[in-house]
Amino acid sequence: MPFCCAYNSPVNTSLFELFKIGIGPSSSHTVGPMRAALRFAQSLDKTGRLSEISRITVDLYGSLALTGLGHGTDRAILLGLAGEAPDTVDPAVIDAELAAIRSTGTLYLLDREPIPFTETEHLHFCRNQMYPDPRRPTHPNGMRFSAFLTDGSILAEEVFYSIGGGFILSADEFETQQSTKGASTRPVPYPFSSGAELLSTAAAHHLTIADLLLANETSLISDAAIRRPPLSEEVLHASAEDQVKAGILAIWKTMQDSTERGLATEGILPGGLNVRRRAPRLACRLETGSSSDPLAPMDWVTVYAMAVNEENAAGGRVVTAPTNGAAGVIPAIAHYYTRFIDGANEDGILRYFLTAAAIGILYKENASISGAEVGCQGEVGVACSMAAGGLVAALSGTNEQIEHAAEIAMEHNLGMTCDPIGGLVQIPCIERNGMGAVKAINAARMSIHETGGHKLSLDQVIATMYQTGMDMQSRYKETSLAGLALNIIEC
């Protein structure tokens, strides 16, 4: 029997939800919790009783409890309650803002209403409990927020799940999604729920995958629920298609900025492992080395990927692609295309991101992009698959070659565990992005040179990835209870 995926109907995830501007080090453990804390605070504000709240408690479960400190979950919760959002918070002021809360024991809800907040009393890491409520459909990244009035009664309580890539769902939303299998709520001209349907729909309408997704994104331009990068007034008065393209280029610009910071910044990464930033030194060696080395472009790909993930590990500004832990793969391949491919142009970059997003949507809606749910195959593995297919599109490959490249890339990431040492997105995560980027190029080249078709479909490998993740022991899924995270003690 074929494996059954998690969700089987399109929910029409937007490219701009897959590629989100945020801060490091983790999309599921930093970006998601910050968004959940902000959403809870905003919901309290809507009650009109924000000034009556005497205290708030937050309980973290599962992977959030086990690796949350290393991933900055505590920092994210405080910032979200204080009114900060991951895509707008200034990384340069975060430390000062957190220091003020911790030194005074006072947190200003939405930067307005003061409440007492000390982490030992109000933020609980429930390391011995996996889920907030095991009787309901649940996810290993769970958190419970509770707001109390002065008489001790509860004003509001809500459970959220950070389901990967910075996406969050309330417990009710999560249960509804499970029961309805993600029924579509966004009308788009070319919906697709599988790789096979993506190919057949594109063929029926004589479209490339990039053109198909561009049409879908254009139709979603008025959806206020989708947060896109800020655009100039001039662009906002342009056509919907031009707005989508400008948003993609803004995402690419943010990735370029992350890469540049990673290549320019030296020093030791925070967290206690004393991991030194390596990208600046490696880049310097490549700049001064022999230009005749045929593998130099691959070395640059590795450096680009590591630069972004070192910036992520330091809590800097990055783009989830589709997660923070895998944020280096997509920009590394985009840099490879623009720097080393003759004839590279802006249209190729747009094809790259649109096609990569279409592939990422298939994983998001039919499996998982959460390391806590399916291991790193759902993060770096998915990013590798997205980048491979996207690169084929940038090189003007066929839709069938794109699907083949995405399949090859994931096929050779199956079973990859998520066991970050110390719960930090550093070892093996930084190097793993470099390896994933190199694999993406190899997969793209294999598919372009292949003319005889292939045995496995992308849909089959996505189903296999999800089933493999479900079979994987939880201690290998972002808990730091096994693998490298445990054996480093013996080294």
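The legends below describe a whole-chain view and several close-up views of a predicted model.

**Figure 1. Overall view of the chain.** The secondary structure comes to 21 helices and nine strands, where helices (H or I, at least four residues) and strands (E, at least two) are DSSP runs numbered from the N terminus. The radius of gyration, taken over C-alpha atoms, is 22 Å, close to the 23 Å that the globule rule gives for 491 residues, so the chain is as compact as a globular protein of that length; the rule is 2.2 Å times the number of residues to the power 0.38. Along the principal axes, the C-alpha atoms fill a box of roughly 70 × 55 × 50 Å. Buried residues (under 20% relative accessible area, 1.4 Å probe, protein chains only) make up 57% of the 491 residues.

Figure 2. Helix α20 covers residues 458-471, and its 14 residues should span 20 Å at 1.5 Å a residue, which agrees with the 20 Å between its end C-alpha atoms; the expected span is 1.5 Å times one less than the number of residues. Leu458, Val461, Ile462, Ala463, Met465, Tyr466 and Gly469 of α20 are buried. The buried residues of this helix pack against α15 (346-366), α16 (371-374), α17 (380-394) and α18 (399-411), with contact meaning heavy atoms within 4.5 Å.

**Figure 3. Two cis peptide bonds.** Most peptide bonds are trans. A cis bond, with omega of about 10°, joins Gly24 and Pro25, and Pro25 is found in the loop between β1 (21-23) and α2 (27-46). Another cis bond joins Ile427 and Pro428, with omega of about 10°; Pro428 lies in the loop between α18 and α19 (429-449).

**Figure 4. Loop residues with positive phi.** Most residues other than glycine have a negative phi. Asp111, although not a glycine, has a positive phi of about 65°, and this residue is found in the loop between β3 (106-109) and β4 (113-116). Asp111 is exposed (over 50% relative accessible area), with a value of 63%. Ser480 is likewise not a glycine and has a positive phi of about 55°; its place is in the loop between α20 and α21 (484-487).

**Numbering and criteria.** Residues are numbered from 1 along each chain as its sequence is written, and side-chain values use heavy atoms, with hydrogens and water left out. In this predicted model, local features need pLDDT of at least 70 and side-chain atom pairs count only at pLDDT 80 or more, whereas totals for chains, interfaces and linings use all residues.
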